[in-house]
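Please provide a briefing on the structure shown below, written for a reader who is new to the study of proteins.

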Amino acid sequence: MRYVCSVLILLFSALYDSLGFVLQLSSRRMAGETDAEWAKRQEVARQEINGRLLVFIHGALQALTAAGLLQLYPFKPRTVGMLGTLASALNCYFLLPPFPKRAAPASKPALAAANGAVEGKLAAKVA
């Protein structure tokens, strides 16, 4: 049990250091930087932090599953199964492709012209 605690302390300290470094870089305002540039940099830092947290949680779930399967820690079989299922679900989430970016909404005249073209085709088919 003593080894598990020391490994967890090392993992959390590494996570804290890496996330602190990202936050420190993103929170400083560069000379001559506009508000929009600074907000964009903040958003990129948040996305990186979220990605690193998900990877850390996935690794922790896998480590706990392995510890339960090797009976290094007295988990019940249902607990080990739940941890394995959560780790597998996160793994599937990582394999998903990113969402496509939305196209800019069309202006109202363009929509009206498109609707008119569709109505014209329907009228031609009916006649």
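The points below treat the overall fold, the salt bridges, a loop residue, and a pocket with a surface patch.

This is a predicted model. The chain contains 4 helices and 0 strands, and its elements follow the order α-α-α-α from the N terminus on. Of the 127 residues in the chain, 14% are buried.

- The structure holds 2 salt bridges.
- In one of the salt bridges, the side chains of Arg46 and Glu43 meet at 3.5 Å, N to O.
- Arg46 and Glu43 are separated by about one helical turn, because they are 3 residues apart in helix 2, which covers residues 35–69.
- Arg46 has a relative accessible area of 45% and is therefore partly exposed.
- Glu43, at 38% relative accessibility, also counts as partly exposed.
- Another salt bridge joins the side chains of Glu48 and Arg52, with a distance of 2.8 Å, N to O.
- Glu48 and Arg52 both belong to helix 2, where they are 4 residues apart, about one turn of the helix.
- Glu48 is partly exposed, since its relative accessible area is 33%.
- Arg52 is likewise partly exposed, with a relative accessible area of 33%.
- As a general principle, side chains of opposite charge can pair when their charged atoms come close.

**The loop between helix 2 and helix 3**

- Gln71 is located in the loop between helix 2 and helix 3.
- The phi angle of Gln71 is positive, at about 60°, although Gln71 is not a glycine.
- Is Gln71 buried or exposed? With a relative accessible area of 68%, Gln71 is exposed, because a residue over 50% is placed in that class.

- Ala89 is found in helix 3.
- At 45% relative accessibility, Ala89 counts as partly exposed, because the value falls between the cut-offs of 20% and 50%.
- Ala89 and His58 are 31 residues apart along the chain, and their C-alpha atoms are separated by 9.4 Å.
- Tyr93 also lies in helix 3, which spans residues 77–95.
- Tyr93 has a relative accessibility of 49% and so counts as partly exposed.

**The second largest pocket**

- The volume of the second largest pocket is about 150 Å³.
- Which residues line the second largest pocket? The lining consists of Tyr93, Phe94, Leu96, Pro97, Pro98 and Phe99.
- By class, the lining of the second largest pocket comprises 6 nonpolar residues, no polar residues and no charged residues.

**A nonpolar surface patch**

- Val55, Tyr93, Phe94 and Leu96 make a nonpolar surface patch of about 410 Å².

Terms used: Residues numbered from 1 in each chain as written. Predicted model: local features only at pLDDT ≥ 70, side-chain atom pairs only at ≥ 80, totals over all residues. Heavy atoms only, no water. 1 Å grid on protein atoms, 1.4 Å probe; cavity = no way out; pocket = protein on both sides within 12 Å on 5 of 7 lines; lining within 4 Å. Points joined across faces, edges and corners; volume = space filled by probe spheres on them. Nonpolar A, V, L, I, M, F, W, Y, C, P; charged D, E, K, R; others polar. Patch = residues over 30% accessible without salt bridge, like charges linked within 9 Å, V, L, I, M, F, W, Y side chains within 5 Å. Areas by Shrake-Rupley, 256 points an atom, 1.4 Å probe, with all protein chains shown as cover. Salt bridge = Lys/Arg side-chain N within 4 Å of Asp/Glu carboxyl O. Helix = DSSP H or I, 4+ residues; strand = E, 2+ residues; numbered from the N terminus. Buried < 20%, exposed > 50% of the residue type's maximum accessible area, 1.4 Å probe, protein only.
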